[in-house]
Each structure stands twice: as structure tokens, then as C-alpha cells.
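Subject: Structure for you to look at

Hello,

Here is the structure I said I would pass on. Please open it first, then read the notes below it.

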Amino acid sequence: MAPNSTQVLVAFDTPVEYPLPMHAHAFGWILPALFLPSAAMCVSGGADREQYVVVNIIPGEQYRPVFQEIARLYPDSASRTVRVGVGAIFSYLNQSRERTRSDLREFLTLSDEFSVPVVVQLDGEQWWDARPDLWNWWDPARPGYDTSNRENVEWNGWSPDSALMIAWRNWGRQLRVLPPPNLMSPRYRAACHAEMRVLIPEVLDWWNALPAARKKLFIGLKLGWESSIGVNAFTIPGGNLLLGKPEAQDPKITIRAERVPDRGLVTIGYAAASSAGLRRAGALREEDLAKVVTRHLDDLCALAAGLGVPRDRMFTHVGGWKEGELLYDAALNPYSCPGWSFYRHAADPSKDTGVMRVLGRSNAPYWGAVEWLLMGDHTITEWTDALNATLAIPRCRYVCIYNWSGIRANPASIGAIRDIIGHSARPDERGTTVPPER
């Protein structure tokens, strides 16, 4: 999610924007305030310590104008040890393979043209409108109809008879979405693998063709999008019965995301737990859902690693809503660097208990604040302090602000990024470091 920013329904050629709500994220182990150096101090060790402030492009927004804006606003970014980058989301089950590959090629070409580093996010979870052959089990009048598709969507009970036809999402406003995928369905996983086997080589071919001096244009590949079950797509009692009624008649749904596993509504995840062999009867538990998400991301990252993505260029993306919930641990696997969303604690991520707990166990070279936004009205000093506090946590590779469309007209955020860039240490011609200019 991208609260109080913008998001889109990516099934359309033109972005459909709406404001997004604040997360109730909470993470872990609190680092003493005196231990946290500035971002400039954190990156002063040399080129291998380079960090990035990334701005995310909403799906459907034109890429070129964003690259042009970033290059114009931060022309000296390339000479600093904290650089400005751009991120984009490629929902490979939401449009044709040809369209997704074309979009990705354009994005990578613009990175090279403008010398702006990039994060490539591949999404097969949140939007999958273009694959009715996977989810349409109920409507013979629509493409892809097959009753066996019940196995590819989530259930609200232990039987395929409880398969969902409809779900809801609240990213600033309530909207109907397709039933969420069964993350452990063999057919769903095969579909994700097939698209990744096309898209990841595109990224690697681009990266490998770059001269050595420009390799850092590739910040990383991000897999997952607040991977979870029952939060970004949820249901209510009798939800399927509303499918044939006008959306305007849908009840206003209040999700209690801190309540696991039902999130204050209806527990889902039965299909995934069953497909994974974790459980086929009894009460579904928090640990069952966390194990599913762990296996999901482990599988995606293993595939990417097998295709040639090194660990220091791969990041996961997990969301968490209950204080220190087990889901945070799903970000950790041996193939990637962990990443999480930060909203509630964006001003000081060291207070996020689940993240800090997992970082204490991680042997990955980096981690990422892969979705981040300082909520509400803040001064340039508050924005600068928040970005510095995030980047200063050891091994933070990048912070990704969601979204550029929501901050581009905000002088405080724009100025804070300029301040971070301008005050980061930079190597001189002898390979040592010079103090940041103040």
C-alpha cells in the first residue's frame, strides 16, 4: 500500500489515482538514539557503501517525465554517496507479456539515458486481472472459465466450496478486487515463474551490458508487494453474494489488521495452507499464514537467484500490521536482502520491532525500506531527519518513497532529498573521502 500518496488500478491504460490510508505498521528492537549516525556518516566508507533515496512511479504514469524531473532536480546526484533513484512496479499477471516487457525495456533504457539508478519491482500478487484462466471459476460467460480454478484462489474454509469470487481492498478508498491468489497453488506459481523467466533476463541483459562505471544504475530487483494474506485483499461474511450487486451497495468494511489471523473480518488462507500441506483441518493460525508467505518469497527469490540475480541486488517486500507479528520474518531468506514497508514509524524505523528483530538475525549484505512515506504535513527538517534516521540504520541500502506523484509538489520533501544528497560524503580524486559540505 502507499498511504496518503497515490495508487492506481493498473488494469487501465490511464492511471486511476486515489489517496491511500495510513498503515498500522509496528516493528522492533530499538537502537539507542546516540548510536544512529547521519546518512552521510553511514556512507562515508567508500563506493561500496553507496545508498539511495528512491521515488516510486505509480503504475500507469509515464516514465520519461519522471526521469526528466529527477535529473533536473538533482543533477549532482551521481557524484554523491547518497543518490536519487526511481522505482517502478511491473504487475506481470495484469497485462500481456508483450506490454510488460515493453514497459520494462523502456524503463531500463531511460535509466541509462538519464543516468538515474532504478529499482525494478515484479508483482504477481496484488493485480492479476489479465489471467482469468487462473481465477475465473464461477462465470462461464467470461474468458478463462474453469471450475478447477477454485484451486488457484483463496478460500474462507477448508473446502473448495468456500472459494472466493470477490474481495475488497482499502488503499484510501474501499474497492472491489478479484479474489486473492492461492500463493501455494502449483498453477499460480508456474504462471509467476513463466513471467519472471522472461522479465528477469531482460533486467540482467541490460545490467550486464552496462560499462563497469555504470553498473550501479541497477539498485535492485524487488520481489513481493507487501506479501501477506488477508490484508490487501480481504472478504466479509457472505461476501460472494455481493458479486452480482452494484458496488455502491457494498457495506463499508473496517479491517482490524492488528488481529491475526482473521484481521477482524474473515480468516482466509485455507487454500494456501492446504496446498502447502501445512494443515487441512482445525483452526488456521498466524504461524500457518506466515509460513505460506515465507515459502512464497523463498521460491520467487530462489528462482531469481538461479537466473543470475546476486543477493546484493535482490530485495523482498513484506508488510506487517500487528506489533512484531510473525509475518515480518517472511522477508528473510538466503537469496535476497529483506525489505519492509514503513509508514507509522517512518520518522524513526528503529522503533519498528518486527523489522529490528529480523535484522538481528539477517546475514544479508543490505536491507531496504522498500516502501516508505512520512505521513502528514512536515517541515523540511522533519523530512530530512526522517530520511537520515532510516538511511543511518546499519546496512540500509535504500529508502523508496511512495509515491513520486504524491510528493513532487511538496517543497519540504523535495528539499529534504536535496539536503540529503548535498550533505552526503563523496570521494575525492585520491579515493579518500572529503567532509560533507555544510
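Accessible areas here come from the Shrake-Rupley method with a 1.4 Å probe. On that basis the accessible surface of the protein comes to about 16,500 Å², and 53% of it belongs to carbon and sulfur atoms. Please keep in mind that this is a predicted model.

Overall picture. The protein has eleven helices and 14 strands. Of its 438 residues, 59% are buried. Among contacts with a separation of 6 or more, 75% are between residues 24 or more positions apart.

A buried strand. Strand β4 covers residues 82-91, and ten of its ten residues are buried, so β4 is largely enclosed by the rest of the structure. In a regular strand the side chains alternate between the two faces of the sheet. In β4, Val 82, Val 84, Val 86, Ala 88 and Phe 90 point one way. Arg 83, Gly 85, Gly 87, Ile 89 and Ser 91 point the other way, and the residues of both sets are buried. Strand β3 (residues 51-57) pairs with β4 in the parallel sense, over seven bridges. One of the bridge partners is Val 82 in β4, which goes with Gln 51.

Two helices in contact. Two packed helices are described by the angle between their axes and the distance between the axes. For helix α5 (residues 186-209) and helix α7 (residues 286-307), the axes come within 10 Å and cross at roughly 35°. The crossing of α5 and α7 is right-handed. On the α5 side the contact residues include Tyr 188, Cys 192, Met 196 and Leu 204, and on the α7 side they include His 296, Asp 299 and Leu 303. The residues of this contact divide into ten nonpolar, two polar and three charged.

Backbone exceptions. Most residues other than glycine have a negative phi, and most peptide bonds are trans. Which bonds are cis here? One joins Val 260 and Pro 261, with omega about 10°; Pro 261 sits in the loop between β8 and α6. Another runs from Tyr 402 to Asn 403, with omega near 0°, and Asn 403 is in the loop between β12 and α10.

Ser 115 is not a glycine but has a positive phi of about 55°. Ser 115 lies in the loop between α3 and β5 and, at 28% relative accessibility, counts as partly exposed. Glu 226, also not a glycine, has a positive phi of about 45°. Glu 226 lies in strand β8 and is buried, with a relative accessible area of 0%.

Regards

Note on methods
Residues numbered from 1 in each chain as written. Predicted model: local features only at pLDDT ≥ 70, side-chain atom pairs only at ≥ 80, totals over all residues. Heavy atoms only, no water. Axes fitted to C-alpha atoms, helices over the stretch in contact; angles between N-to-C directions. Helix = DSSP H or I, 4+ residues; strand = E, 2+ residues; numbered from the N terminus. Left-handed = near helix turned anticlockwise from the far one by under 90°. Contact = heavy atoms within 4.5 Å. Nonpolar A, V, L, I, M, F, W, Y, C, P; charged D, E, K, R; others polar. Buried < 20%, exposed > 50% of the residue type's maximum accessible area, 1.4 Å probe, protein only. Pairing = 2+ DSSP bridges.
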